[in-house]
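Here is a short briefing to read alongside the model. Take a look at the structure first, and then we can walk through a few of its details together.

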Amino acid sequence: MEHRILGRTGREVSVIGLGAWQLGADWGEVSEDEAFATLSAAADAGVTFIDTADVYGDGRSEQIVGRFAKGRPGLTVATKMGRRMEQLPANYVMSNFRAWNERSRQNLGVDTIDLVQLHCPPTPVYSTDAVFDALDTLVAEKKIAAYGVSVETCEEALTAIARPNVASVQIILNAFRLKPLERVLPAARAAGVGIIARVPLASGLLSGRYDENTTFAPDDHRNFNRHGEAFDVGETFSGVDFATGLEAVRRLAPLVPEGATMAQFALRWILDQEGVSVVIPGARNPAQAAANAAAAGLDPLPAATLETVNGVYDELIRPQVHDRW
């Protein structure tokens with residue numbers, strides 16, 4: 001497993017991490033035993049970075065991750081805060097930060113959280129000095145070791161990167177979301193800010209396992225959020241129409257290296273983008289976690305393959321998502 005420095009945290013983390021949204025909610029039911037087995041499989045395969053949030057299952061994901069991490073020294077655990085209240089800039093104040101942080105520290109069972117990220121807050125929050133002064137205070141008090149942001153748009157990312165103490169930016173990046181390559185990743189590299197690539201498989205579309213007959217459980221966001229009914233539609237299939245995504249996957253399938261899966265190819269593509277610190281695919285079971293981790297062992301993709309990915313994006317995906325995010 002390759003390791004990279006996660007921006008201004010100074011921490012060395014595995015290039016493949018684990019996104020723990022699935023262990024909380026919104027992806028169908030995952031039992032606690034299955035959640036622990038999935039975490040174990042990831043850690044056994046060399047994963048040292050786990051990303052969760054206080055709203056994933058109303059704290060369930062944090063609690064499971066926290067209990068697991070106690071028995072696995074060396075893990076870096078990141079969580080997110082801000083989505084527990086109405087999304088108004090006025091709610092992003094120190095009193096709420098303290099309450100959210102206290103709850104997350106209790107859920108995780110730690111005195112100091114390795115990395116806390118603002119969880120896709122309203123755009124004006126990124127330009128509010130008092131927000132970042134409050135986060136600096138939490139660092140000074142050792143309630144958090146470092147802080148970053150999770151963003152929806154490239155403009156939000158660029159605003160955050162300009163902040164002197166932002167350690168990392170979490171952003172959607174995959175073969176269906178290429179816009180961050182233009183300005184965000186170069187700016188992050190120049191500033192020494194880490195990039196955490198989320199939604200790397202476009203909510204499973206880039207796994208190659210779906211077709212026109214695939215259905216999802218009622219409590220799965222791929223069923224109830226296809227048009228942004230519950231949260232930003234970009235978080236579901238990266239904002240790409242399901243049928244368009246299926247066609248794009250069919251065109252990309254011939255590029256998959258022999259012996260690899262479509263999902264591993266999609267993860268390797270992200271790792272080949274200069275400036276990415278860690279990619280955080282989710283997993284619902286141990287087999288998925290181990291297979292995702294194995295993507296780090298693939299050889300870098302040839303230049304011709306990268307060009308073909310760009311071509312498929314330009315023809316099918318860019319018209320749907322590029323201007324929005």
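In which helix do phenylalanine 97 and tryptophan 100 both lie, and how many residues apart are they? Both lie in helix α3, which spans residues 94–108, and they are three residues apart, about one turn of the helix. Please keep in mind that this is a predicted model.

**Aromatic pairs and a cluster**

- Searching the whole structure turns up 11 aromatic pairs. One of them joins phenylalanine 97 and tryptophan 100, with 5.8 Å from centre to centre and 40° between the planes, a tilted arrangement.
- Phenylalanine 97 counts as buried because its relative accessibility is 0%. Tryptophan 100 also falls under the 20% limit for buried, with a relative accessibility of 6%.
- Phenylalanine 216 and phenylalanine 242 make an edge-to-face pair, because their planes stand at 85° with the ring centres 6.3 Å apart.
- Phenylalanine 216 belongs to the loop between β9 (194–198) and α7 (221–224), while phenylalanine 242 is in helix α8 (residues 242–252), so this pair ties together parts that are 26 residues apart in sequence.
- Phenylalanine 216 is buried at 15% relative accessibility, and phenylalanine 242 is buried at 11%.
- One aromatic cluster is formed by Trp21, Tyr56, Phe224 and Phe231.

**Helix packing**

- Two packed helices are described by the angle between their axes and the distance between the axes.
- For helix α1 (residues 32–44) and helix α2 (residues 60–70), the axes come within 10 Å and cross at roughly 50°. The two helices are therefore oblique to each other, and α1 passes α2 in a right-handed crossing.
- On the α1 side, the contact is made by Glu32, Ala35, Phe36, Leu39, Ser40 and Ala43. On the α2 side, Arg60, Ile64, Val65, Arg67 and Phe68 take part.

- Which loop holds cysteine 120? Cysteine 120 is in the loop between β6 (115–119) and α4 (129–140). Its phi is positive, about 50°, although cysteine 120 is not a glycine.
- Cysteine 120 counts as buried, with 7% relative accessibility.
- Alanine 202, in the loop between β9 and α7, has a positive phi near 50° as well.
- Is alanine 202 buried or exposed? Alanine 202 is buried, as its relative accessible area is 0%.

Methods. Residues are numbered from 1 along each chain as its sequence is written. This is a predicted model: local features need pLDDT of at least 70, side-chain atom pairs count only at pLDDT 80 or more; totals for chains, interfaces and linings use all residues. Side-chain values use heavy atoms; hydrogens and water are left out. Rings of Phe, Tyr and Trp (its six-membered ring) pair if their centres lie within 6.5 Å; planes under 30 degrees apart count as stacked, over 60 as edge-to-face and the rest as tilted. Helices (H or I, at least four residues) and strands (E, at least two) are DSSP runs, numbered from the N terminus. Buried means under 20% relative accessible area, exposed over 50%, partly exposed in between (1.4 Å probe, protein chains only). Axes are lines fitted to C-alpha atoms, for helices over the stretch in contact, and angles run from 0 to 180 degrees between N-to-C directions. Angles under 35 degrees count as roughly parallel, over 145 as roughly antiparallel, 65 to 115 as roughly perpendicular and the rest as oblique. A crossing is left-handed if the near helix is turned anticlockwise from the far one by less than a right angle, and right-handed if clockwise. Contact means heavy atoms within 4.5 Å.
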